[in-house]
Amino acid sequence: MQDRGFNHPLGSEITPIGVYLDRRRWMQGAAAGAATVALPAAAVAQGARPGKLAALPSARSNVAGAVVMEKATSYNDVTTYNNYYEFGTDKSDPARAAGSLKTRPWAVAVEGEVRKPGVFDIESLLKLSPMEERIYRLRCVEGWSMVIPWVGWSLADLIKRVEPTGNAKFVQFVTLADRAQMPGLSSPVLNWPYTEALRLDEAMHPLTLLAFGLYGEVLPNQNGAPVRLVVPWKYGFKSGKSIVKIRFVEKQPTTSWEQAASEEYGFYSNVNPQVDHPRWSQATERRIGEDGLFAKKRRTLMFNGYGAQVAPLYAGMDLKRFF
Ligand SMILES: Nc1nc2c(c(=O)[nH]1)N[C@H]1C(S)=C(S)[C@@H](COP(=O)(O)O)O[C@H]1N2
Ligand SMILES: [Mo]
């Protein structure tokens, strides 16, 4: 399991009883050879719906490695400690400023090297595949992490639908860039629109999630409403928010972060405790919500703990060179 070798949990992380029971049933199900056990997603979310936004019902994930057996970061921390530079560079800026983002109507254009390009409106995307809840770690390159119950489905479901051609080697993700809605665009801190990209096989990996919600509700604007990417084995910036375009291309695209500082942010950006950022170590991380006097730093795991699922994608690659 991906958690082997992880830091011994702190007292504050002792599993709530409902989650413990849920986990036991899950393991019994796994032992019986069942792929899934039908349980309400709320049992997994380690707490009730916050009741702030519209509900987004989901089933428990079928994807191996999707469930992290750690205490979820509180909804309050997940939604008030954000990176979303289109709304400012302070962690508190997006929660304060992202109210101006209009998430309806919304459409995602899928184009480039695909046989079936098209424009998908958000309503059709919400119905494209069954919603699953997946608890993933999110590890920022800055050295902090969270555990978040996301709601969405594997990006692969959309990719199969549009039928990539043999020339499709990379997938680019483009965030909305509208000065009227996004005050941060007046600063040249990044090249707008924010773009990210994955290799096609990374994008097709079942762990790669197109997320529409968290904590059983639609995404708050500051977390990338109405639709964002979550790539759990890579540093957080690979997970683009508020996506309006998905483009299939032959050549490796440069990303906004590479354009800003290519020595610091490589294309791959796999979470890797052995490859430090040029200005700081990546060996440990601070879990948001564990900021007390006695909070220990956590050891960062190779591929953020998802190595059993994703290491084969990088077999034979020098991950110091392709950082
Ligand atoms: N469009 C856009 N997407 C973005 C960012 C951003 O500034 N703009 N920040 C990235 C970074 S650095 C991180 S760590 C995650 C943070 O996601 P969260 O705020 O939902 O925790 O979003 C990523 N996606
Ligand atoms: Mo980040």
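# Close-up views of a predicted protein model

**Overview.** The protein has nine helices and 13 strands; both are DSSP runs numbered from the N terminus, helices being H or I with at least four residues and strands being E with at least two. This is a predicted model, in which local features need pLDDT of at least 70, side-chain atom pairs count only at pLDDT 80 or more, and totals for chains, interfaces and linings use all residues. Residues are numbered from 1 along each chain as its sequence is written, chains are lettered from A and ligands numbered from 1 in the order in which they are written, and side-chain values use heavy atoms, with hydrogens and water left out. Of the 323 residues, 54% count as buried (under 20% relative accessible area; exposed is over 50% and partly exposed lies in between, with a 1.4 Å probe and protein chains only).

**View 1. A salt bridge joins Arg49 and Glu217.** A salt bridge is a side-chain nitrogen of Lys or Arg within 4 Å of a carboxyl oxygen of Asp or Glu. In this pair the N to O distance is 2.9 Å. Arg49 sits in the loop between helix H2 (41-44) and strand S1 (59-60) and Glu217 in strand S9 (residues 217-218), so the bridge ties together parts that are 168 residues apart in sequence. Arg49 is partly exposed, at 42% relative accessible area, whereas Glu217 is buried, at 0%. The structure holds 18 salt bridges.

**View 2. Two further salt bridges are formed by Arg134 with Glu132 and by Glu202 with Lys234.** The closest N and O atoms of Arg134 and Glu132 are 3.0 Å apart, and both residues are buried. Between Glu202 and Lys234 the distance is 2.7 Å, N to O. Glu202 belongs to helix H7 (residues 200-204) and Lys234 to the loop between strand S10 (228-230) and strand S11 (243-249), so this pair links parts that are 32 residues apart in sequence. Glu202 is buried, with a relative accessible area of 0%, and Lys234 is buried, with 2%. Elsewhere, salt bridges that share partners join Glu70, Arg137, Arg139, Glu285, Arg287, Glu290 and Arg298 into one network.

**View 3. Pro117 lies in the loop between strand S2 (107-112) and strand S3 (118-121).** Leaving aside neighbours within four places in sequence, Pro117 is in contact (heavy atoms within 4.5 Å) with Val110 and Glu111. The C-alpha atoms of Pro117 and Glu163 are 8.5 Å apart in space, and the two residues are 46 apart in sequence.

**View 4. The largest cavity has a volume of about 170 Å³.** On a 1 Å grid over the protein atoms alone, a cavity is a set of points where a 1.4 Å probe fits but cannot get out, and lining residues have an atom within 4 Å of a point. Four cavities of 30 Å³ or more are counted. The largest is lined by 19 residues, and the closest to its centre are Tyr235, Ser269, Asn270, Val275 and Phe323.

**View 5. The largest pocket has a volume of about 400 Å³.** A pocket is an open set of grid points with protein on both sides within 12 Å along at least five of seven lines. Its lining has 27 residues, with Asn83, Tyr84, Tyr194, Gly236 and Phe237 the closest to the centre. Strand S5 (residues 144-154) gives the largest share of this lining, four residues.

Definitions and conventions:
Points joined across faces, edges and corners; volume = space filled by probe spheres on them.
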